[in-house]
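Welcome, and thanks for taking a look at this one. Below is a short tour of some local features, to be read with the viewer open.

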Amino acid sequence: MRCLSSAFTRYRRLCQKIVVCRILTVISCSCPPQAFMKYFSLVRHLCKRLVNLQGLCVLAVTVFFCLELLGMINLAGIHRRLFGLEIPRSNCPRHPKYNLTIMTIFKNTSPYLEEWLEFHFMVGVERVYMYDNNSTDGALHILKPYIESGMVVYKFWPNKFHVDFDGYRENYSQKSAVEHALLSFRCDSKWMALIDTDEFLMPGQRFQNHSLQSLLTHYQDFGGVALAWLRFGTSSHIRPPALPVIEAYTKRRSVADPNYKHIIQPRRLRGFMNIHEMFYYDGYYPVDEKRRPVVPSSNKNILKSYDVFRLHHFFTRSCLDWWIRIFQRGAVSGGLSKYKFGDLERLDSNEFDDRSALNFVARLKKQLKWDGKKWQERYFPLSKSLPAMCA
């Protein structure tokens, strides 16, 4: 027992040394301190829990720290997995070219791209950076006039993987696309929204006569604005109706989802863990629309206010859309979707009838020169039979 106690004491000292190494790594690489605190808390918790244990715990700690030492050889892997991706400072011109842009990565969403783009240009977005993750449904043909006009910047973005020294394989297609957009275009944008093509960003119901740009002027002193995520369901549609998305799907979950998206000031961004967690330079931080600080990774940040900004997330759309998503479209992460068709019952949120976006429909249809029958016949012809799961 004395031998085990002595051995464990040595492991605790090793633990302390590794923490010191991590601190030095953070200092030398300027990692976001919030991310480092996660690691430090984990190691400290491990030491406290194991202090009174004997026997097999020594072997467990040995394995843990061997993996840690292997991981430290590859600092890039540590940054991605523990600290996130860091965006170096840029010497940007004083005045950006655009007040508001959007960055998105998409895959096989052609039926809805034109509506999504026209809607966001209508509410004040000036340019969209679109990263195409191996689409095979003619997306480039739809985007061509927008690319030629300069309103869309198109990048073909195939799946990207990284394998660390310890064998950890990560698909970071979305992360790498965000990183590329920030490194390439951060100086061009005062504000940049990081959203998907099934998400519609709009002013709140009381501010629908305002553009998004004018609303953002009230948040100049912060790093970014966190957006409440309002998840819409099928609204009982089996097939996509011959209507724009914002008109067809009006029923949603009664409360906002725990996660949220961001409109960031990219020049102030220091790095990010993922699309939901951002870190900023010089004391800047994200806030909600009421200017209350939002802490990354906190499950307390269920944003309950969406009077100024709304992010409508049309996650499922119709049953047929969901079937295509699961079995045909594929995921940005590569392969088929991580969801199963049976998840529709759990995710189909139709609890609350939200018609706040309908005020935009007339203007949007005019802009699109909307012909519902033509659109439906092109993408979802009625002559085509439904899959058995939706019939």
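Ser236 lies in the loop between strand E9 (224-232) and helix H9 (245-248). Please keep in mind that this is a predicted model. Ser236 has a positive phi of about 65°, although it is not a glycine. Most residues other than glycine have a negative phi. With a relative accessible area of 58%, Ser236 is exposed, the cut-off for that label being over 50%.

Arg291 is another non-glycine residue with a positive phi, near 65°. You will find Arg291 in the loop between strand E14 (286-287) and strand E15 (309-314). Its relative accessible area is 43%, so Arg291 counts as partly exposed.

A positive phi also turns up at a glycine: Gly124, which follows helix H5, has a phi near 120°.

**Helix H5**

How far apart are the end C-alpha atoms of helix H5? They are 19 Å apart, and this agrees with the 18 Å that the 13 residues of H5 (residues 110-122) should span at 1.5 Å a residue.

H5 is mostly covered, with twelve of its 13 residues buried. An α-helix has 3.6 residues a turn, so residues three or four places apart point the same way.

Is strand E7 enclosed or open? Five of the six residues of E7 (residues 189-194) are buried, so this strand is largely enclosed by the rest of the structure.

E7 pairs with strand E2 (residues 98-106) in the parallel sense, over five bridges. Within that pairing, Thr101 has Met192 of E7 as its bridge partner. E7 is also joined to strand E11 (residues 257-264), here by three bridges and in the antiparallel sense. Ala193 stands opposite Ile263 in E11. In a regular strand the side chains alternate between the two faces of the sheet.

**The disulfides**

The structure holds two disulfides, listed here with their geometry.

| Disulfide | S to S distance | Torsion about S-S |
|---|---|---|
| Cys92 to Cys187 | 2.0 Å | about -65° |
| Cys319 to Cys390 | 2.1 Å | -90° |

The torsion of about -65° makes the link of Cys92 and Cys187 left-handed. Cys92 lies in the loop between strand E1 (85-86) and E2, while Cys187 is in the loop between helix H7 (173-185) and E7, so the pair ties together parts that are 95 residues apart in sequence. Cys92 counts as partly exposed, at 23% relative accessibility.

The link of Cys319 and Cys390 is left-handed too, with -90° about the S-S bond. This pair links distant parts of the chain, 71 residues apart: Cys319 sits in helix H10 (residues 319-329) and Cys390 in the segment after helix H13 (372-379). Are these two cysteines buried or exposed? Both Cys319 and Cys390 are buried.

What is the pairing when the bonded cysteines of the protein are numbered in sequence order? The pairing is 1-2, 3-4.

Definitions and conventions:
Residues numbered from 1 in each chain as written. Predicted model: local features only at pLDDT ≥ 70, side-chain atom pairs only at ≥ 80, totals over all residues. Heavy atoms only, no water. Helix = DSSP H or I, 4+ residues; strand = E, 2+ residues; numbered from the N terminus. Expected span 1.5 Å × (residues − 1). Buried < 20%, exposed > 50% of the residue type's maximum accessible area, 1.4 Å probe, protein only. Pairing = 2+ DSSP bridges. Disulfide = S-S within 2.5 Å.
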